[in-house]
Amino acid sequence: MRQFAPIYLIDGEENYYLDMITSYFENKILSPAERDFNLMVLYGKDAEWSDVLNSCRRFPMFAEKQVVILKDAASLKGGSGDDKGLNALLSYVEKPSPSTIFLIEHSSKKADVRTRFVKRAKEKGIHFTSDKIKDDKLPDWIQEHGNDIGFHIGPEESKILASYLGSDLQKIANEIEKVRINIPNEKALTTQLIQKFIGISKEYNIFDFPTVVTGNDRDKLYKMLSYFLANSKAAPMPLLIATFYTHFNRLYVANFVRGKTDKEAAAALGMSPYFVKDVMASLSQWPLHRVERCLLLLGKYSTMAVGIKNTAGDRELLKEMVGQMVE
């Protein structure tokens, strides 16, 4: 049988990895037949410390090992004096049963490393802390998650997901999986797929904006521009410029694939065939020379957005840039 430590303490503010580890202990260590008799799952809010102790001390039935999981461990009840809660299990941690694999899930926050229980648990077993991903690292995490599951997610798409879905990793993973289920043959996540299947419901979203700028609905353009000027956090210039660049780069390539089939054009444009017709239809208003001019503008405002030869804020830069694009 695989080798396991007698005690595992997992804690931290990011529940995504804690849930993955707990699921593994519940479903992968014991066989289905062994789980019927040798898997015990207790909840700190319902169990007394004595319930946990008795479960860990019992012998496995028809198996070499048993698995005991204590969820929501911070809420464990019982004990007295200094030996309340998890500290009431100190005697077991000092001498754990060799036939028990004991997982302590201390979710949503870190366990207090100053307590005797945590100190001894770390000495006798394995301690894992799942820290929250910092906001500026979230796009990197999304791209790495895509690599792990064989689904390419580019820098722009990862920033869009981070902006609109927040820092809930499970929610992000679920939304990405929803796209894969709906379009199983797609190998990469695009802004169009995000919009179609993740269903971001904001009235004005950042990946719609370039399409509106190059479209014919000036009323909608002015409304969206006004919204972003009043809510600069909804459209940070570096992300907005990256979104515009992707859009104009597609228009640039589209000028060279006129007459191709939707499948051939989609391959050249790096997008799903579902959206090719919309791009090709816009070429009458956006010929090559006009697209090239906007790409040069994006290069200019990209450097200005990071403070090079510029003292204006994002609001002024956005208004000026869009004005020059549509003139």
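Trainee: Buried means under 20% relative accessible area. With that cut-off, is Cys294 buried or exposed?

Mentor: Cys294 is buried, because its relative accessibility is 0%. Keep in mind that this is a predicted model.

Trainee: Noted! And what about Cys56, buried or exposed?

Mentor: Cys56 is buried too, with a relative accessible area of 1%.

Trainee: How many disulfides are there?

Mentor: The count comes to 0 disulfides.

Trainee: OK, new topic. Where is Glu14 found?

Mentor: Glu14 is in the loop between β1 (7–12) and α1 (15–27).

Trainee: A loop, then. Is Glu14 buried or exposed there?

Mentor: Glu14 counts as buried because its relative accessible area is 3%, and the cut-off for buried is under 20%.

Trainee: Which residues is Glu14 in contact with, leaving aside its neighbours within four places in sequence?

Mentor: With those neighbours set aside, Glu14 touches Ser130, Asp131, Lys132, Ser167 and Leu169.

Trainee: And which polar atom pair involves the side chain of Glu14 and Tyr16?

Mentor: A polar atom of the Glu14 side chain lies 3.0 Å from the backbone nitrogen of Tyr16.

Trainee: Let's talk pockets. What volume does the largest pocket have?

Mentor: About 520 Å³. Its lining has 24 residues, and Gln192, Thr211, His247, Asp278 and Val279 are the ones nearest the centre.

Trainee: Which helices each supply at least two residues of that lining?

Mentor: Those are α9 (191–198), α10 (209–213), α12 (237–254) and α14 (276–281). The most comes from α12, which gives 5 residues.

Trainee: How does the lining of the largest pocket split by class?

Mentor: There are 12 polar, 7 nonpolar and 5 charged residues in the lining.

Trainee: Last topic, backbone angles. What phi does Asp72 have?

Mentor: Asp72 has a positive phi of about 50 degrees, although it is not a glycine. Most residues other than glycine have a negative phi.

Trainee: Where does Asp72 sit?

Mentor: You'll see Asp72 in the loop between β3 (66–71) and β4 (79–80). Asp72 is partly exposed, because its relative accessibility is 23% and that class runs between the 20% and 50% cut-offs.

Trainee: What phi does Ser108 have?

Mentor: For Ser108, again not a glycine, phi is positive at about 75 degrees. Ser108 lies in the loop between β6 (100–107) and α5 (116–124).

Trainee: And what is the relative accessibility of Ser108?

Mentor: The value is 44%, so Ser108 counts as partly exposed.

Conventions. Residues numbered from 1 in each chain as written. Predicted model: local features only at pLDDT ≥ 70, side-chain atom pairs only at ≥ 80, totals over all residues. Heavy atoms only, no water. Helix = DSSP H or I, 4+ residues; strand = E, 2+ residues; numbered from the N terminus. Buried < 20%, exposed > 50% of the residue type's maximum accessible area, 1.4 Å probe, protein only. Polar contact = N/O pair within 3.5 Å; in protein donor to acceptor, adjacent residues only side chain to side chain. Contact = heavy atoms within 4.5 Å. 1 Å grid on protein atoms, 1.4 Å probe; cavity = no way out; pocket = protein on both sides within 12 Å on 5 of 7 lines; lining within 4 Å. Points joined across faces, edges and corners; volume = space filled by probe spheres on them. Nonpolar A, V, L, I, M, F, W, Y, C, P; charged D, E, K, R; others polar. Disulfide = S-S within 2.5 Å.
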